[in-house]
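Please brief me on this protein model before I plan around its side chains. Keep it short and grouped by topic.

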Amino acid sequence: MTVVTARFVRFLLTLLVVFSFLIEVVFVPLIGQSIISDFPEARPFFIPAFVWVVLIMGCGQAILVVVWRLISFVVERRIFTAAALPWVRAIIVISVGALTLLISAFIVANILGFTPPAAMYGLIGLSLLCLTFVLIMRTMLGLLRRATALHDELAEVI
């Protein structure tokens with residue numbers, strides 16, 4: 001990865017973080033207030049739903065920060081070292097945390113009887129997306145481990 005490419009990717013990561021904060025601070029409260037005005041019975045769910053959205057978005061933001069760090073490894077040509085492995089593991093742990101939040105939101109919504117189809121399909125879809133991401137990152141971790149081992153072997157030979 002060239003320095004220019006790394007800077008561009010970091011610029012995009014910065015835009016994603018800023019945009020996600022904008023969503024958390026501006027759009028989620030506006031959408032929540034709109035839903036409450038149309039469906040007053042949803043008022044008790046606003047604060048828990050807002051906290052849940054902030055936590056889920058926080059998981060995404062944390063992953064973006066970890067990706068920023070991994071880009072540094074790529075630029076420094078140190079991606080195939082053991083030092084990169086904990087960062088990929090961090091992405092997996094954060095993703096599992098997000099998956100746990102999604103599943104718990106689905107369960108709690110069902111227990112409370114607040115099950116509008118759009119919300120439930122959204123939770124199911126996000127859960128499947130998150131699970132897929134966890135499995136892909138687990139695969140990437142295995143590939144990185146193998147590449148690191150091969151890189152270390154090759155370094156010994158040379």
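Predicted model: local features only at pLDDT ≥ 70, side-chain atom pairs only at ≥ 80, totals over all residues.

Residues are numbered from 1 along each chain as its sequence is written, and side-chain values use heavy atoms, with hydrogens and water left out. The search gives 0 disulfides, 1 salt bridge and 1 aromatic pair.

**Confidence**

- The mean pLDDT (the predictor's confidence in each residue, from 0 to 100) is 91 for the protein.
- 100% of the residues reach 70 or more.
- Among the elements, helix α3 (residues 85–112) has the highest mean pLDDT, 94. Helix α4 (residues 117–157) has the lowest, 90.
- Helices are DSSP runs of H or I with at least four residues, strands are runs of E with at least two, and both are numbered from the N terminus.

**Cysteines**

- The disulfide count is 0, where a disulfide is a pair of cysteine sulfur atoms within 2.5 Å.
- Cysteine 59 is in no disulfide. The nearest cysteine sulfur belongs to cysteine 130.
- Cysteine 59 is buried, at 15% relative accessible area. Cysteine 130 is buried as well, at 11%.
- Buried means under 20% relative accessible area, exposed means over 50%, and partly exposed lies in between (1.4 Å probe, protein chains only).

**Charges**

- Side chains of opposite charge can pair when their charged atoms come close.
- The whole structure holds 1 salt bridge, defined as a side-chain nitrogen of Lys or Arg within 4 Å of a carboxyl oxygen of Asp or Glu.
- That kind of contact joins arginine 78 to glutamate 76, at 2.9 Å from N to O.
- Both partners are partly exposed: arginine 78 at 31%, glutamate 76 at 43%.

**Aromatic rings**

- The count is 1 aromatic pair. Rings of Phe, Tyr and Trp (its six-membered ring) pair if their centres lie within 6.5 Å; planes under 30 degrees apart are stacked, over 60 edge-to-face, and the rest tilted.
- Phenylalanine 46 and phenylalanine 50 are stacked, because their ring centres are 6.2 Å apart and their planes are at 20 degrees.
- The two residues are 4 apart in helix α2 (residues 46–75), about one helical turn.
- Phenylalanine 46 is buried at 17% relative accessibility, whereas phenylalanine 50 is partly exposed at 26%.
- The charged end of arginine 69 sits over the ring of phenylalanine 73, 4.3 Å from the ring centre. The rule asks for NZ of Lys or CZ of Arg within 6 Å of the ring centre and within 35 degrees of the ring normal.

**Backbone**

- Most residues other than glycine have a negative phi.
- Arginine 77 is not a glycine, but has a positive phi of about 60 degrees.
- Arginine 77 is in the loop between α2 and α3. Arginine 77 is exposed, at 72% relative accessible area.

**Start of the chain**

- Methionine 1 lies in the segment before α1 (3–38) and is partly exposed at 44%.
- Methionine 1 and valine 74 are 73 residues apart in sequence, but 6.6 Å apart in space, C-alpha to C-alpha.
- Leaving aside neighbours within four places in sequence, methionine 1 is in contact (heavy atoms within 4.5 Å) with Ala6, Ile71 and Val74.
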